[in-house]
Amino acid sequence: MSLNYVVQPGGTLRGTLRVPGDKSISHRSVLLGSLAHGETRVSGFLEGEDTRATAAAMRAMGVIIEADGAGALRIVGRGLRGLSAPNTSLDLGNSGTGMRLLAGVLAGQPFRSRVFGDASLNSRPMRRIADPLRRMGAQFETTDTGTPPLDIGPAEALSGIRYEMPVASAQVKSCLLLAGLYADGETVVVEPGLCRDHTERMLNGFGYPVTREGNCVSLRGGGQLQAGEVEVPADISSAAFFLVAASIAPGSDLTLTGVGVNPTRDGVIQILKLMGADIELLNRCERSYEPVADIRVRYAPLRGIRIPEELVANAIDEFPALFVAAACATGETRLTGAGELRVKESDRIGAMATGLQALGADAEATPDGMVVRGRELRGGTVRSFGDHRIAMALSMAGLKAAGRVIVEDCANVQTSFPSFAATSAAVGVRIAEQRS
């Protein structure tokens, strides 16, 4: 059965909304809770397909993880050296984050493991973690093209290395830091640009010291993680669709509660403000080592800008939504330095250019970004390309289209935002699910 979204134009977003828990932090809470000593309690956990796949992989290695279905987890950690060899290959579904971070953990285990995913994940590049892990001494094999399935271990001995990342990537950095927990000596990762730091924050929260000096992040192997409490904030990547939607829909006034506003993830807010968005952060606080705030967004006319390249890494997952904002802005928006978008769950540059063009937008894909010139959108039928963020972004474009917009193949939204359509409708988006 296929699932489509049908969006009627003219909605106005009003009220208060909490989007699901942060996907990146949810993955890390499961992994570190599993490797800690003692019992970890997680609240606000994202109950999506991607994060469930990570939890299932840890259960397959003997970790007790109990979920209540409402975002609460109880994890009985086994310590860094307490995992058991899985009886079967580990299926990570569509989760690139889950696969790359888990690979760092598996690189240090005394048993062999095999990790694979769905067709999309099995086409994604893994040499970016394979090469540095091999330098650390890991037994790590990919396909001839550098993609999954991954065959890992058993590890004899890992050694810490200094690794300069060619491209800013939190997944690569986190993979190497997690492998560094099992390595002799110090593991140092050098960032070419600031990327999200959830792993470092959570490791410190679990009592494992991580040091940052400038653009270098480091830790020493041989320590222990201590269980604790993790409160997962609402996901700014999921909030981004509503930040854009309320910005482009006249009369909108929406407040998103408890959103993670980590400074390595707030690029979407900064970019929208540069475009003229009316966004205000309220009730700032810190929970489980992460900064959190309520975000109020009101309709405001947007203008095209040249997006600063220094903000790209901090907004990499939010560009599908930002492309919609650009299509509804006055003037030209130009993005460069975002070639990483080509190797996400889909080619997000090509997918969004195709979708926006089908709705009448002036959108030109470039090798590392896009040029979008704002003009009136029309109704039409577009594809998600099997990518949850493409599906949600193009749904929000329907707010400003002259006619009905149908987004095909939206079941993939279950990976990050299972209640997306119902949540959107509750705050004023004229959206309905269509099954066939």
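Reader: Which residue in E24 stands opposite Thr-381?

Author: Strands of a sheet pair through backbone hydrogen bonds, either parallel or antiparallel. Here Thr-381 faces Ile-406 in E24. The model is a predicted one, where local features need pLDDT of at least 70, side-chain atom pairs count only at pLDDT 80 or more, and totals for chains, interfaces and linings use all residues. Residues are numbered from 1 along each chain as its sequence is written, and side-chain values use heavy atoms, leaving out hydrogens and water.

Reader: In which sense do E23 and E24 pair?

Author: Strands are DSSP runs of E, at least two residues, and helices runs of H or I, at least four, numbered from the N terminus; two strands pair if DSSP finds at least two bridges between them. E23 and E24 (residues 405–408) are parallel, over four bridges.

Reader: What is the order of the open sheet?

Author: Its four strands run E23-E24-E1-E25, with mixed pairing. E23 (380–383) and E25 (431–435) are the edge strands, each pairing on one side only. From one strand to the next the twist averages 25°, with axes fitted to C-alpha atoms, for helices over the stretch in contact (heavy atoms within 4.5 Å), and angles from 0 to 180 degrees between N-to-C directions.

Reader: Which residues of H4 are buried?

Author: Buried means under 20% relative accessible area, exposed over 50%, partly exposed in between (1.4 Å probe, protein chains only). In H4 (residues 127–135), Ile-129, Ala-130, Pro-132 and Leu-133 are buried. Their cover includes helices H3 (96–106) and H5 (170–180) and strands E8 (140–141) and E11 (162–164).
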